[in-house]
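Me: I would like to go through this structure with you, one topic at a time. Could you keep the answers plain?

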Amino acid sequence: MARRRMFSLDVVDSDSFQEMSQTAKYLYFELGMRADDYGFVGNHNTILRMIGVGIDDLKILIAKKFAILFSSGVLIISDWQINNQISPVKRQPTIYQNELAQLQIEVRKRYTLQSDNEIRANTSNNNTIRNIPELNCEEQDIKNDAIKPVDMFQKYQLLESVGISPKSAKGKELMTRCKLADIQYGINYANNNLPRNCNNIAGWIITCLEQQTYSKKVEEFKCSKCKGTGRIANYIETKDEFGYCKMQEIVSDCPKCKGTGK
C-alpha cells in the first residue's frame, strides 16, 4: 500500500463537504490516508477510537455519500477515484474482492453500490450462463466479461492509465470486445514496439489492440485442417522412367471446409 494519498479540491471544496462538522471532515482525511489502493478501509472502528471522534461523524460521511459501509463492516471512500489516480502497474490488489464486486463506477468516477439484481447477476454461477440461448462465441465472451466486475474495473483502469478514455466510443468498444489479458498484452506489445518519434501514443496502443483482436478473430474462423487456405497438399511416391523414386504433390480442396478455408 502506498504511503502517500491525495485529496481533490473538487471533493473537499464542495458545499456538501464543507457543510459537515470539523470532526467529520477530519475523519474523512484520516480514512483516506489509511485506505488501501482501491479505497477500502477495514478498521474504521479502530480509527474512530484512535483520533477520538464519534460514530455520528461516520454516519454523516455515509449519509452524505462520501463513504459506503458494507454489511461485512468494510468501508470504502466513494470519491477515491477522483482523489487518487494510481497506475494499475503499481496498485496492490485489494483483499476485499467480494465488496469490490458489489461496486460500480459512475461517470464522475464515484463508487456506488450496484442494485440487488445486478449483484445477483454478477454472482450467478456458470449454469446461468449456459442456459442463455443462442449465444455465439463472441457474445459469450462479452457475457462472461459482464459478470466479472473486477476484470471490468481493471480494464477501465488500464485504458485510463495509457490515455484512452473508457467513456469514449473507442474505449467502450475495447472494454466490450477485449478481454483483460488481451488489453494487458496489447499495451505491453505497444510499449515494446513504440515507433520512433511517435506523437500519438494512445492512438498507437489502440491500433495494436485492434490488430490483435482482428488477428484472433481471423484465427478463430480458420479451418483447423487447412489453416484457412482451403487447399490440402498430398504427396505420393512415384518412379520415373529410370526407376528413381520421386515425390509428386497433388493439391485438392480441403475435405473439411470444402475449399472455403473457414
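This is a predicted model: local features need pLDDT of at least 70, side-chain atom pairs count only at pLDDT 80 or more; totals for chains, interfaces and linings use all residues.

Me: How many disulfides turn up in the whole structure?

Reply: The search of the whole structure returns zero disulfides.

Me: Let us change topic. How many salt bridges are there?

Reply: Five salt bridges are found across the whole structure. One of them joins Arg-5 to Asp-37.

Me: What separates the closest N and O atoms in Arg-5 and Asp-37?

Reply: Those atoms are 2.9 Å apart. The two residues come from distant parts of the chain, 32 residues apart: Arg-5 is in the segment before α1 (9-12), and Asp-37 is in the loop between α3 (22-34) and β1.

Me: Are Arg-5 and Asp-37 buried or exposed?

Reply: Both Arg-5 and Asp-37 are buried.

Me: Which residue does Lys-64 form a salt bridge with?

Reply: Lys-64 forms a salt bridge with Glu-19, and the closest N and O atoms are 3.1 Å apart. Here too, distant parts of the chain are linked, 45 residues apart. Lys-64 sits in the loop between α5 (55-63) and β2, while Glu-19 sits in the loop between α2 (15-18) and α3.

Me: How does accessibility look for Lys-64 and for Glu-19?

Reply: Lys-64 is partly exposed at 29% relative accessible area. Glu-19 has 59% relative accessibility and counts as exposed, because the cut-off for exposed is over 50%.

Me: What is the partner of Arg-110?

Reply: Arg-110 forms a salt bridge with Asp-79, with the closest N and O atoms 2.6 Å apart. Arg-110 belongs to the loop between β4 (103-105) and β5 (111-113), and Asp-79 to the loop between β3 and α6 (80-83), which places the partners 31 residues apart.

Me: Are Arg-110 and Asp-79 buried or exposed?

Reply: Arg-110 is buried, with a relative accessible area of 13%. Asp-79 is buried as well, at 3%.

Me: Where is Asp-36, and which side chain of opposite charge is nearest?

Reply: Asp-36 lies in the loop between α3 and β1. The nearest side chain of opposite charge is that of Arg-5, 6.1 Å away. Asp-36 is buried yet has no salt bridge, because a salt bridge requires the nitrogen and oxygen to be within 4 Å.

Me: Which polar contacts does the Asp-36 side chain make, then?

Reply: The Asp-36 side chain reaches the backbone nitrogen of Phe-40 at 2.9 Å. A further polar contact, of 2.8 Å, joins the side chains of Asp-36 and Thr-94.

Me: Now the rings. How many aromatic pairs are there?

Reply: The whole structure contains nine aromatic pairs. In one of them, Phe-17 and Phe-29 have ring centres 5.9 Å apart and planes at 70°, so the pair is edge-to-face. Phe-17 is in helix α2 and Phe-29 in helix α3, 12 residues apart.

Me: Are those two buried or exposed?

Reply: Phe-17 counts as buried at 1% relative accessibility, whereas Phe-29 is partly exposed at 31%.

Me: What about Phe-40 and Tyr-96?

Reply: Phe-40 and Tyr-96 form a tilted aromatic pair, 5.5 Å centre to centre with 45° between the planes. Phe-40 lies in strand β1 and Tyr-96 in the loop between α6 and α7 (97-100), so the pair ties together parts that are 56 residues apart in sequence. Both residues are buried.

Me: Finally, which residues do ring pairs link into a cluster?

Reply: The cluster consists of Phe-7, Phe-17, Tyr-28, Phe-29 and Phe-66.

Methods. Residues are numbered from 1 along each chain as its sequence is written. Side-chain values use heavy atoms; hydrogens and water are left out. A disulfide is a pair of cysteine sulfur atoms within 2.5 Å. Helices (H or I, at least four residues) and strands (E, at least two) are DSSP runs, numbered from the N terminus. Buried means under 20% relative accessible area, exposed over 50%, partly exposed in between (1.4 Å probe, protein chains only). Lys and Arg count as positive and Asp and Glu as negative; His and the chain ends are not counted. A polar contact is a pair of N or O atoms within 3.5 Å; within protein, one must be able to donate a hydrogen and the other to accept it, and residues adjacent in sequence count only if both atoms are side-chain atoms. Rings of Phe, Tyr and Trp (its six-membered ring) pair if their centres lie within 6.5 Å; planes under 30 degrees apart count as stacked, over 60 as edge-to-face and the rest as tilted.
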